[in-house]
Amino acid sequence: MLQENLCRKYEALHGRPYAADNSTFRFTLDHDYADRKNGKIQKLITIKEGRPDETKVKGLLAPFRLEAPLELMEVGYECGFGERNSQGFGMVKVDEDCGGKSVASSQ
């Protein structure tokens, strides 16, 4: 689903479908981090709390590794990974200690 989401964002940005080979796409959560957190890496955020249009959004807050074509990684970094990016979700920070290849989510 993440790969399809990035491809849709690529198409929206560039006005053409993403046509490169996607066979190198791998997304892996940091299982050591999840173990240290006892699996508690989900976070429930309430948007517009107390209003009739209140919404609850469940997200993950955990380091992950992404191996993907550079164009898709750039789209994810600039636009956000996953959904609800316009509400601030999907932002990432590149882990320079891993040669810039590992990314940790912040929302």
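Which residues do ring pairs link into a cluster? Select Phe 27, Phe 64 and Phe 81: ring pairs join these three into a cluster. The model is a predicted one, and the values quoted on this tour are computed from it.

Keep Phe 64 and Phe 81 selected. Both Phe 64 and Phe 81 are buried. Their rings form an edge-to-face pair, with 5.6 Å from centre to centre and 70 degrees between the planes. Phe 64 belongs to strand 4, whereas Phe 81 sits in the loop between helix 3 and strand 5 (92-95), so the pair ties together parts that are 17 residues apart in sequence.

In the whole structure, the search finds 3 aromatic pairs. For another of them, select Tyr 10 and Tyr 18: the ring centres are 5.0 Å apart and the planes stand at 75 degrees, so this pair is edge-to-face. Tyr 10 has a relative accessibility of 8% and counts as buried. Tyr 18 is likewise buried, with a relative accessible area of 11%.

**The overall fold**

Now display the whole chain as a cartoon. The protein has 3 helices and 6 strands, and from the N terminus the elements follow the order α-β-α-β-β-β-α-β-β. Of its 107 residues, 29% are buried. Among contacts with a separation of 6 or more, 55% are between residues 24 or more positions apart. If a surface is displayed, its accessible area is about 7500 Å², and carbon and sulfur atoms account for 49% of that area.

**The nonpolar core**

Select Leu 6, Phe 25, Leu 66, Leu 72 and Phe 81 next. These are the residues with the most contacts inside the largest nonpolar core, which has 13 residues. Helix 1 (2-14), strand 4 (63-67) and helix 3 (70-79) each contribute at least two residues to this core. The largest share, 4 residues, is that of helix 1.

Centre the view on Leu 6. Beyond residues up to four places away in sequence, Leu 6 touches Phe 25, Leu 72, Val 75, Gly 76, Gly 80 and Phe 81.

Then move to Asn 5, also in helix 1. Is Asn 5 buried or exposed? Its relative accessible area is 9%, so Asn 5 is buried. Apart from neighbours within four places in sequence, Asn 5 is in contact with Gly 82 and Glu 83.

**The largest pocket**

Select Leu 2, Leu 60, Phe 81, Gly 82 and Glu 83. Of the 23 residues that line the largest pocket, these lie nearest its centre. The volume of this pocket is about 600 Å³. Helix 1, strand 1 (26-29) and strand 3 (55-60) each supply at least two residues of the lining.

**Two loop residues with positive phi**

Most residues other than glycine have a negative phi. With that in mind, select Asn 38, whose phi is near 55 degrees, a positive value. Asn 38 is placed in the loop between helix 2 (31-36) and strand 2 (42-47), and is exposed, with a relative accessible area of 65%.

Finally, select Lys 48, in the loop between strand 2 and strand 3. Lys 48 is not a glycine, yet its phi is positive, at about 60 degrees. With 43% relative accessibility, Lys 48 counts as partly exposed.

Technical notes
Residues numbered from 1 in each chain as written. Predicted model: local features only at pLDDT ≥ 70, side-chain atom pairs only at ≥ 80, totals over all residues. Heavy atoms only, no water. Core = buried A, V, L, I, M, F, W, Y, C linked by side-chain atoms within 4.5 Å. Buried < 20%, exposed > 50% of the residue type's maximum accessible area, 1.4 Å probe, protein only. Contact = heavy atoms within 4.5 Å. Phe/Tyr/Trp six-rings, centres within 6.5 Å; stacked < 30°, edge-to-face > 60°. Areas by Shrake-Rupley, 256 points an atom, 1.4 Å probe, with all protein chains shown as cover. 1 Å grid on protein atoms, 1.4 Å probe; cavity = no way out; pocket = protein on both sides within 12 Å on 5 of 7 lines; lining within 4 Å. Points joined across faces, edges and corners; volume = space filled by probe spheres on them.
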